[in-house]
Amino acid sequence: MKRRLQPGIIIAYVILGLVLLYTITPFLWMIFTSLKTDQEAVAIPPTLWPQEPTIEAYIQILIWGNFPIWFLNSTIISLGTALFSTMIGSFAGYGFSRFGFRGRATLIGIILASQMLPGVLLVGPYFKMLSTVGLYNTYPGLILAFTAITLPFSTWMLKGFIDSVPEELDDAAKIDGCTPLGAYLKVILPLIAPGMVATVIFAFLLAWGDLLWVLVLTSGEKMTTVTLGLTRLVTQFRIIWPQLMAGSMIGALPPLILYLLLQNYLVEGMTAGAVKE
Amino acid sequence: MPALLMLVLVLGFPIVVAVVNSLSLPDGGWTLENYAKLPQDSRFRNSLVVTFIFVGGTVLLHLIVGFIIALALNASVKGKRFFRVVAILPWAVPDVISGLMWRFMYNPTAGIINRVLLSLGVINTYVEWLGDSDLALPSVIFADVWRGYPFVMLILLAGLQAIPGEQYEAAKVDGASTIQEFRHITIPNMRGMILIAVALDTIWQFRRFGLVFNMTAGGPGNVTEILSLYVYKQYFRYFNFEYAAAIAIVLAIIMLLLSLPYVRAMVRRL
């Protein structure tokens, strides 16, 4: 039986070898380019690895450019969105999971369906609303807007996590005299802590990677995020590729690290309970 | 339920605003004109076609590539964890940044793609991958395959691992070939997972924005102008707020209709 499997295993190794090449090449190209001089990056024909490796591009964007501000903005906005959206999502998820009320199924359907809404449907109204109330180009405005995108996901994910906590536990707490809120804080919250972390990170990543909303809801450098800043660099007349790739590299690092640390949680979250049969 | 109120505030209210906008004239008053204009707008029709090619092409290729890799990862190979981590990497990159990475790889003179293809003799001149109206859309789709296959792969891998091993053993006893096993055990067992992966991926792909924005911004001409880009331009380049809202609503309706079976299946399971 072992012998019969052999050809299959060889094919599997060949495929995985190709996958390695396919996935890694763009990363290597980005890193190599970021270490080249401006001239070398656009040399014809291009060099594969940097002939005279230099960190000039990193110095340029980190010290002379606005990149640190972009990074700070991305961090504040993504973290704010993640915490806000998870907090509200956990209350909503608790409600959906524990209280039977009229129209519950309909509401859950609406929440699920609202994940299917395109962002471009909401940006126009948000642009108008935030301008009207004076939150255009501010952190709170952006966090509120991002929450519109992340909240349905957060609610759905957290509902799934809360569902997995046996209801007898909060009943026991209620018998001991806890209010529903008390039961939630004392019993459920500690048990779904890993799920909360996954939800926070998921919302963080959604916000970190976004371009559409910051494009629409900010102006000038003050609120520029990493994604928006890089986009501005690439629409300039003269594109300086080593700097752009250095910025891309640093901009991709936080999500890369978070994904690597938490890949199992995130897959579960992304598929939002769909995978659990 | 303050949490529900919050949901209504951040989602419900903007949707109402969008609907109202789409039914308004720029100077006030109600109209259906914004919708009536759509069939005559050749750029909208083009955008609709481009969107379906983009979504259809990427979802299909994500599925094929993702399935092949999931099968390879499910075989009894060494270093499984390592390969799995590597295979997920592209998914971790924000699509805005993967767009930039691929844009430079596609660069006609300084990019690695032309360089490799030239030295292999596949092409003999510099190809303008993103500047050629026939090649731009396939090139964007190809770049998105790199970005998007890991998600599908992960769902399918979870499905493959859940297939009971006894089924394969029984098939072996009956002398089934690998292809027969695949057709009669793997595929039937995976049907549900494939549907879930395709449904979720389709939704994500209809929303895709940053990747295309940074690779081509819809060009050359409008050959890569997916609907999300067209709506954005109608809003913030031409400032046709009412018309843009109407297009966005049409896009939303398409997406809701496509995801209805999925949503219904999920709610029924509650």
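## Thr58(B) and Gln205(B)

In this predicted model, the side chains of Thr58(B) and Gln205(B) make a polar contact at 3.1 Å. Thr58(B) belongs to helix 3 of chain B, which covers residues 42-74. Its relative accessible area is 0%, so Thr58(B) is classed as buried. With neighbours within four places in sequence set aside, Thr58(B) is in contact with Ile53(B), Ile141(B), Asp144(B) and Gln205(B).

## Salt bridges around Asp144(B)

One of these contacts, Asp144(B), also takes part in a salt bridge with Arg208(B), with 3.7 Å between the closest N and O atoms. Asp144(B) sits in helix 7 (residues 136-161) of chain B and Arg208(B) in the loop between helix 9 and helix 10, so the pair ties together parts that are 64 residues apart in sequence. Both Asp144(B) and Arg208(B) are buried. A network of salt bridges links Asp95(B), Asp144(B), Arg147(B) and Arg208(B).

Asp201(B) is buried but has no salt bridge; Arg147(B) is its nearest side chain of opposite charge, at 5.3 Å. That distance is outside the 4 Å limit for a salt bridge. Beyond residues up to four places away in sequence, Asp201(B) touches Val59(B), His62(B), Phe151(B) and Val152(B).

## Other salt bridges

Over all chains the count is nine salt bridges. Among them is the pair Asp163(A) and Lys159(A), whose side chains meet at 2.8 Å, N to O. These two residues are four apart in helix 7 of chain A, which means that about one helical turn separates them. Asp163(A) is partly exposed, at 39% relative accessibility, whereas Lys159(A) is buried at 5%.

In chain B, Glu181(B) forms a salt bridge with Lys172(B), where the closest N and O atoms are 3.6 Å apart. Glu181(B) is buried, with a relative accessible area of 9%, and Lys172(B) is partly exposed at 22%.

## Interface between chain B and chain A

The contact between the chains involves 92 residues from chain B and 95 residues from chain A. About 8300 Å² is buried between them, and carbon and sulfur atoms give 81% of this area. On the chain B side, Trp91(B), Phe104(B) and Arg207(B) lose the most area to chain A, together 8% of what that side buries.

Zero salt bridges are counted between chain B and chain A. Nine residue pairs are in polar contact across the interface, with both residues at pLDDT 80 or more. The side of chain B that touches chain A has 72 nonpolar, 11 polar and nine charged residues.

## Backbone geometry

Most residues other than glycine have a negative phi, and most peptide bonds are trans. The peptide bond between Ile44(A) and Pro45(A) is cis, with omega about -10 degrees. Pro45(A) is in the loop between helix 2 (38-41) and helix 3 (56-64) of chain A. Another cis bond runs from Gly219(B) to Pro220(B), with omega near -5 degrees. Pro220(B) lies between helix 10 (210-215) and helix 11 (227-236) of chain B, in the loop.

The loop between helix 10 and helix 11 also holds Ala217(B), whose phi is positive, near 55 degrees. Ala217(B) is partly exposed, with a relative accessible area of 32%. In chain A, Asn137(A) has a positive phi near 65 degrees and lies in the loop between helix 6 (119-132) and helix 7 (139-163). Asn137(A) is buried, at 12% relative accessible area.

Terms used
Residues are numbered from 1 along each chain as its sequence is written. Chains are lettered from A and ligands numbered from 1 in the order in which they are written. This is a predicted model: local features need pLDDT of at least 70, side-chain atom pairs count only at pLDDT 80 or more; totals for chains, interfaces and linings use all residues. Side-chain values use heavy atoms; hydrogens and water are left out. Contact means heavy atoms within 4.5 Å. Buried area is the accessible area (1.4 Å probe) that two parts lose on being put together, summed over both. A polar contact is a pair of N or O atoms within 3.5 Å; within protein, one must be able to donate a hydrogen and the other to accept it, and residues adjacent in sequence count only if both atoms are side-chain atoms. Ala, Val, Leu, Ile, Met, Phe, Trp, Tyr, Cys and Pro count as nonpolar, Asp, Glu, Lys and Arg as charged, and the others, Gly among them, as polar. Buried means under 20% relative accessible area, exposed over 50%, partly exposed in between (1.4 Å probe, protein chains only). Lys and Arg count as positive and Asp and Glu as negative; His and the chain ends are not counted.
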